[in-house]
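Colleague: I would like to learn how to read a few features of a protein model. Could you take me through them slowly?

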Amino acid sequence: MTGRWQLFARRNVWHLLLVPLCLAWIYPFVWMVAAAFKTPREMLIGGLSLLPDEATFENFRRAWTTAKFGTYTANTITFSVAVVMLVLLVASTAGYALARPRLPGKKLLVGVLIATMFIPHGYTIIPTFVLVNGLGLSNGLLGAALAQAGPALVVPVLLFMGFFSGIPKELEEAARMDGAGYLRTYWSVMLPLAKPVIGTVALLNFIGAWNAFFVPLVFTLGNPDLRTLGVGMYGFYGQDTTDWTGLAAAACIGVLPIVVVFLFLQRTFVEGIAGAVKN
Amino acid sequence: MKTDTVERALDVSAQSAPGPRRGPGALRRNLWSYLFLVPTVLLFGGFTLWPMVASWWYSFFNWDGVGNPTDWVGLANFREVLGADAFWRAFWHSFAFSLAAIFIEMPLALVLAILLNNSWLRFRNLYRLVLFLPVVATTAVIGIVIAILLDPAGGLVNRVLLDTGLVDRPVNFLGGTSTALPTLLSIDVWKGFGITLIYWLAALQTVPKDLQEAAAIDGAGFWRALRFVTLPVVTPIAIVILLLVFQRSLNTFDLVQAVTEGGPDYATDVVPTYIYRYAFDPSLRAPRYGFASAAGVVFGLLTLAITLLQAPFMKRRMTRSAS
């Protein structure tokens, strides 16, 4: 009896450590949500209570319109969706082509892709910026999306390649017997099978693009209306470091959507990250 | 559903005679395959390979980004970078982010991973979720939220410290030259902790269950099982984790730029913010693309040199996983 109690105590004593740690860990998020509903006056007077005396939506209104976070949200969605579409289309076609074991030049291309993963790039943002300017795309989010998607391709290409290689050749031949050409086989037969890979790649790149900062920052320097949420937050803070409730509301607009996406799809996301280690 | 389709397809192909594997059809398919590779070659070539080459090329010019680079200056940019105290200061700060990640974040994450890997621990998935949450938040946004919490004039942390009497006057965490870097390092560890935790948990999952059970039957206690079963299995993966964590932490930019912009008085300047300042800072009258490129190239070479120190381990791991 005492032995079992000891075991019970020994196993549950960890919660005494973990619960406070976790509370402190997510405190910035809790504070952010609480502060977003407080009036600036209440914030100024202070008081450590998290619950606002009288909840207000004024901060969100100010962040959404005056600080343009409505525009920034639309930009972020456009940018992220564009990056995901680019990566999915480009990586799945390449992965499909590279799944052919006897394609001449395959080894070279795969070798180059993998090598760049391990070679530190130094900082390549300047040539990227020059290139996008040269293409005449510096005044839109498409240029930024290209610059974000290009370096993000390697892992998705390898994932698609691995997946398509694992599909029995007979399936493809059967499709050909039925009269489906190369393009049709890819689009109507192979791509629908690749849903799990599509899901992982889409989610990882969506979160990556939503949280991107360097590329959107550099590509919106000359055009503040194209800022994404991260860059917008930086601009807001740079202009007004004292509007804490407004900043908190802006932070909620920037962070909460992606946290919700993550909570719904956490398993896919966590497995995608863990995959980097396992392979 | 999926296996269904595959099986049906297998049936079909079993009934019909296998088609010729080579011939004009194969040639046409190869052409199609190359067509399918064009987008990748363009996008990857344009935004990964070309910038790597062009960085080198630009670094030999004195160039403000207007028109084509024409003012060839040879190695002058490199001499200036290597002789600039500000560059080396930024490099050591970048390196400090790596050291913090490797010597603080990695061991702590391993300890928590070992704890959270126990199936008897209740709520372990919830704990894991909470610890992972900072990872999915945009660095620039949550970094600014924390900057507000740390504000010396009325920020929550200082208020608590003052109320409890731990300090007599507010600590200017991000505004003091001696406290700013350690503060940013701590925020960075908090932010990246969840990823490293997931890496370790994935590594611990590879320890075979029967091996653990065998150790338990042989009467090995927790520490002995850890020392002789878990760690030997995990070590090769730990080297990969080390490399991933090293690369990520060395390239810290978002947090520093958003929260301190490298200040106060360059006390938190890292190489990426240093490069950004010379190439893109809006307050700059003439950007120095050539010089900034040279700084990027030098940084890349230094990173490569440090990475190569880990290469022997990597090679062993590669050959092992290949066999």
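**Backbone angles and a helix contact**

Modeller: A:Lys68 counts as partly exposed, because its relative accessibility is 37%, where buried means under 20% relative accessible area, exposed over 50%, and partly exposed in between (1.4 Å probe, protein chains only). This is a predicted model, in which local features need pLDDT of at least 70, side-chain atom pairs count only at pLDDT 80 or more, and totals for chains, interfaces and linings use all residues. Residues are numbered from 1 along each chain as its sequence is written, chains are lettered from A and ligands numbered from 1 in the order in which they are written, and side-chain values use heavy atoms, with hydrogens and water left out.

Colleague: What is the phi of A:Lys68?

Modeller: Most residues other than glycine have a negative phi. A:Lys68, which is not glycine, has a positive phi near 65°, and it sits in the loop between helix 3 (58-66) and helix 4 (69-98) of chain A; helices here are DSSP runs (H or I, at least four residues), numbered from the N terminus.

Colleague: Is B:Asp265 buried or exposed?

Modeller: B:Asp265 is exposed, with a relative accessible area of 62%; its phi is positive too, at about 50°.

How values were computed:
Helix = DSSP H or I, 4+ residues; strand = E, 2+ residues; numbered from the N terminus.
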